[in-house]
Amino acid sequence: MNAPIYMQEQPNGVTRRKFIKGVIAAGAAVSASAYLFRGPEQLFGQGSLPGAVERLMTLTVNGQQRRVDVMKQETLAMTLRYKLGLTGTKLGCDRSECGACTVLIDDVPHYSCSILTHTVRGKKVTSIEGLESPDGTLHPVQQAVVDEQGFQCAFCMPGFVMSTVGFLKTNPNPTPEQLAHGISGNLCRCMDYNKILTAMMRGAENMRRA
Ligand code: FES
Ligand code: FES
């Protein structure tokens, strides 16, 4: 019997499962063209404002001290993506509606598109890149995404994973209804919420076993 499609080796020697695993570790995902063609100049906008002055500050991101020049009106999502190169954090709506930009601040999920970077000074910021172990072992929730193949395009995946990881810190053994409610601030344009919830519930199970 043939192996499932995601296990089959492609002509370039990469299985779909291996490819997705790499994508999930970095939080990389397929992007909409409108998103792809927006550069930091358009996204920041503020750069052209008179008086937009950057100040050097130190952030604690994924367990590391990062020195970065930040404008006073700069959002954390912008700093993570365009100053620190942590592009696993996605920008969907950029106005607190979709949850694609979710990161943990002191272990609590927040929309990084709506947090000014200077307000997280002295706090612990965790993005999707900070979940895996130093040896490359995926976080149990990331592993569940691989195992369940829970997302279609996966643009929303980093946000869902970060929201789930944050929620499980407060309720490690949720019912599906509780978890669905806990991550209801995240939206998926592909609309496959049942598969996403199944993957996230498996992540909860993986965490209890870990
Ligand atoms: S990009 Fe932040 S909530 Fe949509
Ligand atoms: S936006 Fe495509 S899987 Fe969620």
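The following conversation walks through the fold of one predicted protein model.

Biologist: What sort of model is this, and how are residues and chains labelled?

Modeller: It is a predicted model, in which local features need pLDDT of at least 70 and side-chain atom pairs count only at pLDDT 80 or more, while totals for chains, interfaces and linings use all residues. Residues are numbered from 1 along each chain as its sequence is written, chains are lettered from A and ligands numbered from 1 in the order in which they are written, and side-chain values use heavy atoms, with hydrogens and water left out.

Biologist: How many helices and strands does the protein chain have?

Modeller: The protein chain has eight helices and five strands. Helices (H or I, at least four residues) and strands (E, at least two) are DSSP runs, numbered from the N terminus. From that end the elements run α-α-α-β-β-α-β-β-β-α-α-α-α.

Biologist: How much of the chain is buried?

Modeller: Buried residues make up 41% of the 210 residues. Buried means under 20% relative accessible area, exposed means over 50%, and partly exposed lies in between, with a 1.4 Å probe and protein chains only.

Biologist: And what share of the contacts joins residues at least 24 apart in sequence?

Modeller: Among contacts between residues at least 6 apart in sequence, that share is 61%. A contact means heavy atoms within 4.5 Å.

Biologist: On to the sheet. What is the strand order?

Modeller: The order is 2-1-5-3-4, in an open sheet of five strands with mixed pairing. Two strands pair if DSSP finds at least two bridges between them.

Biologist: Which strands stand at the edges?

Modeller: Strand 2 (64-71) and strand 4 (108-111) do; each has a single partner strand, so one side of each is left without a neighbour in the sheet. The twist averages 45 degrees from one strand to the next.

Biologist: Parallel or antiparallel for strand 1 and strand 5?

Modeller: Strand 1 (residues 54-61) and strand 5 (residues 124-126) pair in the parallel sense over two bridges. Val61 stands opposite Val125 in strand 5.

Biologist: What about strand 3 and strand 4?

Modeller: Their pairing is antiparallel, over four bridges. The bridge partner of Leu104 in strand 4 is Pro109. The two strands form a hairpin with two residues between them, and Asp106 in the turn has a positive phi of about 50 degrees.

Biologist: Which strands does helix 4 lie across?

Modeller: Helix 4 (residues 76-83) lies across strand 1, strand 2, strand 3 (102-105) and strand 5, and runs at about 110 degrees to strand 2. Axes here are lines fitted to C-alpha atoms, for helices over the stretch in contact, and angles run from 0 to 180 degrees between N-to-C directions. Helix 6 also packs on the sheet, where it touches strand 3, strand 4 and strand 5 and makes about 35 degrees with the direction of strand 3.

Biologist: Let us stay with helix 6. How many of its residues are buried?

Modeller: Twelve of its 14 residues are buried; among them are Met157, Phe160, Val165 and Leu168.

Biologist: What span should helix 6 have?

Modeller: At 1.5 Å a residue, the 14 residues of helix 6 (residues 157-170) should span 20 Å, and the end C-alpha atoms are 20 Å apart, which agrees. The expected span is 1.5 Å times one less than the number of residues.

Biologist: Which residues does Val165 contact?

Modeller: Leaving aside neighbours within four places in sequence, Val165 is in contact with Leu104, Leu131, His139 and Val141. Val165 is buried, with a relative accessible area of 2%. Val165 and Pro109 are 56 residues apart in sequence but 8.4 Å apart in space, C-alpha to C-alpha.

Biologist: Changing topic, how many aromatic pairs are there?

Modeller: A search of the whole structure finds two. Phe151 and Phe160 form a tilted pair, 6.0 Å centre to centre with 55 degrees between the planes. Rings of Phe, Tyr and Trp (its six-membered ring) pair if their centres lie within 6.5 Å; planes under 30 degrees apart count as stacked, over 60 as edge-to-face and the rest as tilted.

Biologist: Lastly, is Gln178 buried or partly exposed?

Modeller: Gln178, in helix 7 (residues 176-182), is partly exposed, with a relative accessible area of 37%. Not counting residues up to four places away in sequence, Gln178 touches Phe167, Asn171 and Asn173.
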